[in-house]
Amino acid sequence: MIWETVDHYDALSERAASIMLDAIRQDARTVLGLPTGRTPVGMYKRVVALCSREYHCFRDVTTFNLDEYAGIPSEHPGSYCTFMKRHLFDHVDLQPERSHIPNGNAADLAAECARYEREIADAGGLGLTFLGLGSNGHIAFNEPATPFHSRTRVVALSESTRAANATFFADSPVPTHAITIGIGTILESRQIVLLASGESKRNAVARLRSGEITTQFPASALWQHESVRVILDRGTVPDFGTT
Ligand code: GLP
C-alpha cells in the first residue's frame, strides 16, 4: 500500500484527477471503477476542466459505478446516476453505452446484481478503481461484517451511513437499501486508489493505517491487494508535518 499525504483537498483532487487521466492516456480503453460521495467531487471537477482542453479523453473509456441506492428511480435528485451526470457524464465524451451504474429500481434486484457482475466481467474486469472511505470503514456500500469475497448484491445501509448521506435527500427519506459491488469485485481491480479527506475520516484512516485486517473494517481488505494507493489530505492526519 502506497500512502501519499497532500496539503489540502484541492491538491488531493488534482492528484487523483491526474492519476485517472494518465491511466486513460496510457490505455484509451481503460475500465474505471468510479465512486460517489463528497470526496471525489473535486477530482471530477478537475477531470472535466482538463478534458475540455484535451477533448476525446473518454471516447473509448468504460466506467462502472460502485453502487446505487435501491428503490429510487435513476432520475431522483439523490441517486448516484444523477450525481454522476452532474459531476462527470454530462461534461465528457463518455459513450452512454459504456457508462454503467446498477439499476436500483429494477423489478428483480438480484437479477440486476448478477447482470452487473457479468457486465464487469465482459468488459475484462475493473482496471483502475477509485474509492472513497466511509467513516465506519465502508468501501462502496460494503458495511462492517461484509465478507471479503462478497460480490455485487443488495445491502441494508447502516444508520450511520444513512445519516451521513441525509443531506443528499432533503425532500425524501434516505433509502434503506442499495446495490453495491462487493469487496471481492473491488479486489479484482488491477489498481485501486482510495481517497480520504478531512477530520471526519481521521479515525478511519488511523484504523486503516494500523494494518489490522478484519471484516469489521471493510477498507482493511485493501491490504490484501498488491496495488493500492491511498491519497490523504492533512485534515485526516492529526500530526501531519510533525513526523
Ligand atoms: C458513501 C458512498 C461511498 C463513499 C462513502 C464516503 O456512502 N456509497 O462510495 O465512498 O460513502 O462518502 P464521502 O466521500 O461523502 O465521505
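Trainee: Which residues touch the most other members of the largest nonpolar core?

Mentor: First, this is a predicted model, where local features need pLDDT of at least 70, side-chain atom pairs count only at pLDDT 80 or more, and totals for chains, interfaces and linings use all residues. Residues are numbered from 1 along each chain as its sequence is written, and side-chain values use heavy atoms, leaving out hydrogens and water. A nonpolar core is a set of buried Ala, Val, Leu, Ile, Met, Phe, Trp, Tyr and Cys residues joined through side-chain atoms within 4.5 Å, and buried means under 20% relative accessible area (1.4 Å probe, protein chains only). Of the 33 residues here, those touching the most other members are Met20, Met43, Val47, Phe58 and Leu88.

Trainee: Which element gives the most to this core?

Mentor: Helices (H or I, at least four residues) and strands (E, at least two) are DSSP runs, numbered from the N terminus. Several supply at least two residues each, including helix 2 (41-53) and strand 6 (128-131). The top giver, with 8 residues, is helix 1.

Trainee: Over to helix 4: how wide an arc do its buried residues cover?

Mentor: The buried ones are Glu112, Cys113, Tyr116, Glu117 and Ile120. They sit on the same side of helix 4 because the arc, taken from the directions from the helix axis to the C-beta atoms, is only 140°.

Trainee: And which exposed residues are on the face turned away from that side?

Mentor: Exposed means over 50% relative accessible area. On that face of helix 4, you'll find Ala121 and Asp122.
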